[in-house]
Amino acid sequence: MDLFWIVQIILLLAVFILLYLLSWFWPPDCPWSPWWTTNKKAARILCKMAKITNKDVVYDLGSGTGTVLMIAAQEFGATGVGVEIDPLRVYTSYFLIKFAGLEEKIKIYKQSFFKKDITEATVIFFYLIPKTIKLLQEKFLRELKPGTRIISYRYPIDYLPLITEDKKEKIYVYKIPNKKDL
């Protein structure tokens, strides 16, 4: 391999590393989601707040590395569905889920969550920017059954009734209302 290709590979890696680091600081109203992660402590808290059980099907929209799904499956017995569009995050989550022995309980789909059917969900979780949360309003009200719990990490939802919140951790739990209550 000659010097030209070595320099090209180093530059490409440097660009990826800089984009990754920059994604941690994207402003909350940008049109795409940065690579923010939900830590295990917050995942446990939100699972408890939403009263997740082994009867629940938890959908994580923008599932990243699958932390919330793994905690919900391992510690609360739920089954999980992750929807992630970024191939790097999808493959990372595949690896982590397989390593944890949870491939029977958790499925990951590489696609846009705007296109994924979410009607089977009993719980929806996401850590998304406010602009994206607003864009999900119509989908939620059209596809989700009344009583489906929705958990938003960091950003509140203004179009659903709040059930409970943890102000310190910025976790908000909502429920899809009956059609007559809209």
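View 1. From the N terminus on, the elements run α-α-β-α-β-α-β-β-α-α-β-β-β, which comes to 6 helices and 7 strands. Helices (H or I, at least four residues) and strands (E, at least two) are DSSP runs, numbered from the N terminus. This is a predicted model, in which local features need pLDDT of at least 70 and side-chain atom pairs count only at pLDDT 80 or more, while totals for chains, interfaces and linings use all residues. Residues are numbered from 1 along each chain as its sequence is written, and side-chain values use heavy atoms, with hydrogens and water left out. Of the 182 residues in the chain, 46% are buried (under 20% relative accessible area, with exposed meaning over 50% and partly exposed in between; 1.4 Å probe, protein chains only).

View 2. Helix H3 (residues 67-76) is largely enclosed by the rest of the structure, because 8 of its 10 residues are buried. Look for Thr-67, Val-68, Leu-69, Met-70, Ile-71, Ala-72, Ala-73 and Phe-76. Their cover includes helices H2 (40-49) and H4 (87-99), along with strands E1 (57-61), E2 (79-84), E3 (106-110) and E4 (123-126). Just after H3, Gly-77 takes a positive phi of about 80°.

**View 3. The largest nonpolar core.** This core has 53 residues (a nonpolar core is a set of buried Ala, Val, Leu, Ile, Met, Phe, Trp, Tyr and Cys residues joined through side-chain atoms within 4.5 Å). H3 gives the most to this core, with 7 residues. Among the residues with the most contacts inside the core are Leu-61, Phe-140 and Ile-150. Beyond its neighbours within four places in sequence, Ile-150 is in contact (heavy atoms within 4.5 Å) with residues including Ile-124, Phe-126, Leu-144, Ile-157 and Tyr-172.

**View 4. A nonpolar patch on the surface.** Here Leu-3, Ile-6, Val-7, Ile-10 and Leu-11 together show about 460 Å² of accessible area (Shrake-Rupley method with a 1.4 Å probe; for residues, only the protein chains shown count as cover). Patch members have over 30% relative accessible area and no salt bridge; nonpolar side chains (Val, Leu, Ile, Met, Phe, Trp, Tyr) are joined within 5 Å, like charges within 9 Å. A salt bridge is a side-chain nitrogen of Lys or Arg within 4 Å of a carboxyl oxygen of Asp or Glu. Leu-3 lies in helix H1 (residues 3-23) and is exposed, with a relative accessible area of 63%.

**View 5. Ser-112 in its loop.** Ser-112 is found between E3 and E4. Ser-112 is buried, at 18% relative accessible area. Apart from neighbours within four places in sequence, Ser-112 is in contact with Val-83 and Ile-85.
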